[in-house]
Amino acid sequence: MRRQLIGYAVATLTTASLMSSTVFAQAVDISQWSPEYIRSIAGTEEVDTAATCSAVVPLDYTGKLTYWWTGPNEASPDIERQINDEFWAAWKATYPNIETDAQNIDYNQLLDKLRTALLGNAGPMVLRLQILGGIEFASKGYFQELRPEDVGYETANFWPGAMKSVAYDGKYYGIPTNNETMGFIWNADVFKRAGLDPESPPATWDDVVTYSKQIHDKLGIAGYGMVAKQNAGNTPFRFMPQMWAYGGGALDEASDTPTYDTVEINNEGAKAALQASYDMYVRDQSVPVSALTNTQNENQQPFIAGQVAMVIAHPSEYAKMVDLAGKATGADKPVADAVVANMRYGLIPKGPARRAVVFGGSNMHFIKPEYVDGGFDETAAKAFACFYNSPEWSTKLAWTGSNPGNLEGFKTKWMKERLDSIKFLDVTTSMLPSGIPFPVIPQATEIMNIIVPDMLQNALTGKMTVDEAADDAARRVDDLLNGL
């Protein structure tokens, strides 16, 4: 099915505009990306953020900046709040004459507050949003064109997948501040007891189906921690890598130059991925029965109890398991400690088409002057964007579980410190080249959080066959894109 574009046009980025993101121009060689390569480049380069940004904006510039973002809160780790304080102190010391009004706005309130502010021409100059949040506003004409070169950096030193997330109608509207991907986690002891190689994860998604059944049949526990809850972001973050691996997609977001005008959620690859999930849930009954109402949070207690063998999650999952083990008591304590000792991280399995993972993170945007309260100070905004997206702060501000948007950050001493202190970070980071952003269109959230989970539910509950569920999802996506 072809999408009839109504109200706006989404154009394919030109080949020339994407060539700057090839491996040949990059400061780090993403063709070698692996845990070993990441560790080999960490700590090999010294950076001077003030010197870099002085070439963009003189350090004695006098101006004003307004900035909105979602930063640390009371529940954040101490180190995250500490680094945030260090950042603002360093910014003030570097550009002491730029008066800064920065508002840390709750994640669940930021989008609504921004929508209201823009309608009243009362937005901030600079904004940092989750990776897909910006496309809604770029499509409505609120954002300025913006790319790394505007603030002293090269597009080639940002992930191609990240640059896709700020591309709209053939133009760039932001700078990726941080990027994140997940990894595949398994319990080596469970693998051993089930007759599987304890140090080798499943290589393919077909293997996941096979391993899950073998674990369930031999040990009577869930093999794979499936997540299929309706209206929950956890669901597409775990199912879309499977769909992309088999060659499917919501649209054509997995292609090198997506046009977002072809619905692919019911192609053969998408149906194969849905069939694999059906086989685990219905045919083999090798995943939790509660998968239909589970987010990843609901997998954590069964995993620490040794009742789920495989899950997809962030590097922070290890820290969560250590925390849960520390709180375990009685007979649960040795079980939990054994699970932590046997946690392993690996690459998310491949499919017939590719290895894939959801490419997450956040982006920085400049709002058009007419929508900014008090006008737009372009020079101050550029100084701030240079400072924030520097190799130094791009790395430090991503400390607790993400990765620097600026690839130069991987060469810094701070990246080496992170790799030495955050277990399994190198494994999940090595998934970045396989990262695919959700479709960069305003309707992406409804597609991913509503239509994709509904498709899974329709198939897994038997309400529809696999083919019917995929075709129903395709009709809904097509109707959504056509404004029906």
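Predicted model: local features only at pLDDT ≥ 70, side-chain atom pairs only at ≥ 80, totals over all residues.
Residues are numbered from 1 along each chain as its sequence is written, and side-chain values use heavy atoms, with hydrogens and water left out.

So, salt bridges. By that I mean a side-chain nitrogen of Lys or Arg within 4 Å of a carboxyl oxygen of Asp or Glu. The count comes to 23.

Take Asp420 and Lys416, bridged at 3.1 Å, N to O. They sit four residues apart in helix 17 (residues 413-421), so about one helical turn separates them; helices here are DSSP runs of H or I, at least four residues, numbered from the N terminus. Asp420 is exposed at 53% relative accessibility, while Lys416 is partly exposed at 40%. My cut-offs there: buried is under 20% relative accessible area, exposed is over 50%, partly exposed is in between, with a 1.4 Å probe and protein chains only. Both residues also belong to a salt-bridge network with Arg39 and Asp426.

Then there's Glu136 with Lys140, at 3.6 Å, N to O. Glu136 is buried at 15%, but Lys140 is exposed at 52%. And Asp284 pairs with Arg283, closest N and O atoms 2.8 Å apart; that Asp284 is buried, at 8%.

Helix 12 (residues 297-304) meets helix 13 (residues 316-327) through residues including Phe303 on helix 12 and Leu324 on helix 13, with contact meaning heavy atoms within 4.5 Å.

Technical notes:
Helix = DSSP H or I, 4+ residues; strand = E, 2+ residues; numbered from the N terminus.
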